[in-house]
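Please keep the sequence and the structure in view while reading.

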Amino acid sequence: MHRFTVWLKRLLLAFFALVVLYQVWLFAWVLWWNWANPQSTRFMEIRLAALRQSDPQAQVKQQWVDYERISPHLKRAIIAAEDARFVDHEGFDWEGIQHAIERNQKKGRVVAGGSTISQQLAKNLFLTPARTPWRKAEEALITLMLESIWSKRRILEVYLNVIEWGEGIFGAEAAARHYYAATASQLSPSQAARLAGMVPNPRFYDRNRHAPGLARKTAIILARMPAAELP
C-alpha cells in the first residue's frame, strides 16, 4: 500500500509538471507572436490534414497583411458581428455569455456561443474544435495570456489574418481574393459585412454563397457597423 501511494504521488507530480511545462510552452509562443507573425495555426494544420486525405498536394491559402492594409470596413464588420464589446472587455464578455446561455436554453440547443474575438483567436492558434471542459479551460488560460501581453490592435490583426473563411481559405487577404478578386484593403462595406457573416460557418457559406440566411446576416451587420469601435 505504501509503495502504491508513493507511485501515485510521483505520477501526480509528473502530470502536474507536464501541465505546467505545456502552459510555459504556450506562453512562450504568445510572447513570440506579439511581434512575429504566425506562419500557421492549429486550425490550419487540422484543415490541411483533412484536405490532404482527398488530395495529397492540397495547400491552404493564406497571405499575411498588416493591420493598416486591412479595410476598416472589415474590421468594423467583424467587431459588429462577433464581439461588439471587443475594445472594452478583458477577454471575456460576461453579458454576452449570459445572453448566449439564455438563447440556447430558449431554443433547446446550441445556437449562440458568446465567445469573444480573443477567445476565438486562442482556440484557432493552439486548440481543436472539440467542445470539452479541458479545451475550454485551456482556451480561457490562453485568452488571459493574449489579453495580458498583446494590445487589442494586435489581437484583431492576428485574428483577421488567421481565421478560416472557406474551404482551405484563411485570413482576410485570401478571403478577399477568393470571393471578390480584390485585396483586403479594397473591401467595400457590403463585401466586408458579407465576409463577417460567413465567419461562424465558413465552409458551408463557401459552398452556399447565396444562402438566404447569409443575406439577412449581412444586412444586420451592415446596420451595426457604424457603432463598432476600432482599437
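Which helix supplies the largest share of the lining of the second largest pocket? The largest share, 4 residues, comes from H1. The model discussed here is predicted.

## The second largest pocket

The volume of the second largest pocket is about 160 Å³. Its lining is made up of Tyr22, Trp25, Leu26, Trp29, Trp33, Ser40, Thr41, Arg42, Glu45, Leu125 and Phe126. By class, the lining has 7 nonpolar, 2 polar and 2 charged residues.

At least two lining residues come from each of helix H1 (2–32), helix H2 (42–54) and H5. H1 gives 4 residues, the largest share.

## Helix H5 against helix H6

Helix H5 covers residues 117–126 and helix H6 covers residues 133–149. Their axes come within 8 Å and cross at roughly 110 degrees. Angles of 65 to 115 degrees count as roughly perpendicular, and H5 and H6 are therefore roughly perpendicular to each other. The crossing of these two helices is right-handed.

On the H5 side, the contact is made by Ser118, Gln119, Leu121, Ala122, Lys123, Leu125 and Phe126. On the H6 side, Arg135, Glu139, Ile142, Thr143, Leu146 and Glu147 take part. The contact of H5 with H6 comprises 6 nonpolar, 3 polar and 4 charged residues.

Leu125 and Phe126 belong to this contact and also line the second largest pocket.

## Helix H8 against helix H9

Which residues of H8 and H9 meet? Ala175, Tyr179 and Tyr180 in H8 meet Gln191, Arg194, Leu195 and Met198 in H9. Sorted by class, the residues of this contact are 5 nonpolar, 1 polar and 1 charged.

Helix H8 spans residues 172–180, and helix H9 spans residues 189–198. The axes of H8 and H9 come within 11 Å and cross at roughly 110 degrees. H8 is therefore roughly perpendicular to H9.

Key:
Residues numbered from 1 in each chain as written. Predicted model: local features only at pLDDT ≥ 70, side-chain atom pairs only at ≥ 80, totals over all residues. Heavy atoms only, no water. Axes fitted to C-alpha atoms, helices over the stretch in contact; angles between N-to-C directions. Parallel < 35°, antiparallel > 145°, perpendicular 65-115°, else oblique. Left-handed = near helix turned anticlockwise from the far one by under 90°. Contact = heavy atoms within 4.5 Å. Nonpolar A, V, L, I, M, F, W, Y, C, P; charged D, E, K, R; others polar. 1 Å grid on protein atoms, 1.4 Å probe; cavity = no way out; pocket = protein on both sides within 12 Å on 5 of 7 lines; lining within 4 Å. Points joined across faces, edges and corners; volume = space filled by probe spheres on them.
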